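I opened my notebook today to look at how one protein chain is put together. Here is what I looked up, step by step.

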Amino acid sequence: MSQSKFVIVIGRQYGSGGRELGKRLASRLNVPYYDKELLYEAATRLGFRPDLLEKADEKPPSPFRSLLSASIGSPSWLTTGAMQSETIYQMQSDVIRSLIAEGSCVIVGRTADYIAREEPGLVSIFLHADLKDRVARVMAREHSHKDAAAAQDCILRHDNGRREYYNYFTGRNWGNADNYHLSLSSSVLDMDGVADVIIACMKARGIALSQEG
């Protein structure tokens, strides 16, 4: 049976080009694209508070705080902090579900693969790349690190934060191929090549792509 609605979700290592891939796919398939900034804009349109979403920003609750908040007699501010993180995550999940309900789209990050896991037209991608290529990509960005060591430190710090956030809220392992339909390297293929593989996979699954440009 042909599936006309689809949701492409992209998990990514920092510096692998996840946003570039997402925008390219959205443009080729003529569907909305959502990353961090556009999710905040959508939250406003849908009646949610974007400032609360911004506090999460793919950061898990502090392990120290979470440990204590689970203990008997924890200080109330610790418990409140952990509960607030869960509430913000739930609100972010509601925003993503509302956007998915509007129609086909591309979403980058925010554990969207987990949130949309029951969607029949889900296409879940994890994008990775060799560290040296990610360092080069980060250094090439405007207003970014121009020193390779600093760029590498930035990459590893962001990857660790994403891993902790994803694992905490999903109970899965970030980057584990079992969690995704496709795991692709932007070091092996250029971005058009990666997009070609994803679109070919969608067609093979019977997802209707009549809008492909």
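How many bridges join strand S1 to S4, and do the strands run parallel or antiparallel? I worked with a predicted model here, and I found six bridges between S1 (residues 7-12) and S4, running parallel.

Next I looked for a pair of facing residues, and found Ile-10 opposite Ile-125 in S4. On to the next partner: S4 also pairs with strand S5 (residues 182-185), in the parallel sense and over four bridges. There, His-128 has Ser-185 in S5 as its bridge partner. I checked the cover of S4 (residues 122-128) too, and six of its seven residues are buried.

Then I turned to the nonpolar cores. The largest has 24 residues, and Ile-8, Leu-21, Leu-25, Ile-198 and Met-202 are those with the most contacts inside it. Helix H9 (191-204) is among the elements that each supply at least two residues of this core, and H9 gives the largest share, six residues.

My last stop was helix H2 (residues 36-45), where Leu-39, Tyr-40, Ala-42 and Ala-43 are buried. Down the axis of H2, the buried residues fall within an arc of 165°, so they line one face of the helix. At the start of H2, a side-chain oxygen of Asp-35 comes within 3.3 Å of the backbone nitrogen of Glu-37; just after H2, Gly-47 has a positive phi of about 90°.

Notes. Residues numbered from 1 in each chain as written. Predicted model: local features only at pLDDT ≥ 70, side-chain atom pairs only at ≥ 80, totals over all residues. Heavy atoms only, no water. Buried < 20%, exposed > 50% of the residue type's maximum accessible area, 1.4 Å probe, protein only. Arc of directions from axis to C-beta. Polar contact = N/O pair within 3.5 Å; in protein donor to acceptor, adjacent residues only side chain to side chain. Pairing = 2+ DSSP bridges. Core = buried A, V, L, I, M, F, W, Y, C linked by side-chain atoms within 4.5 Å.
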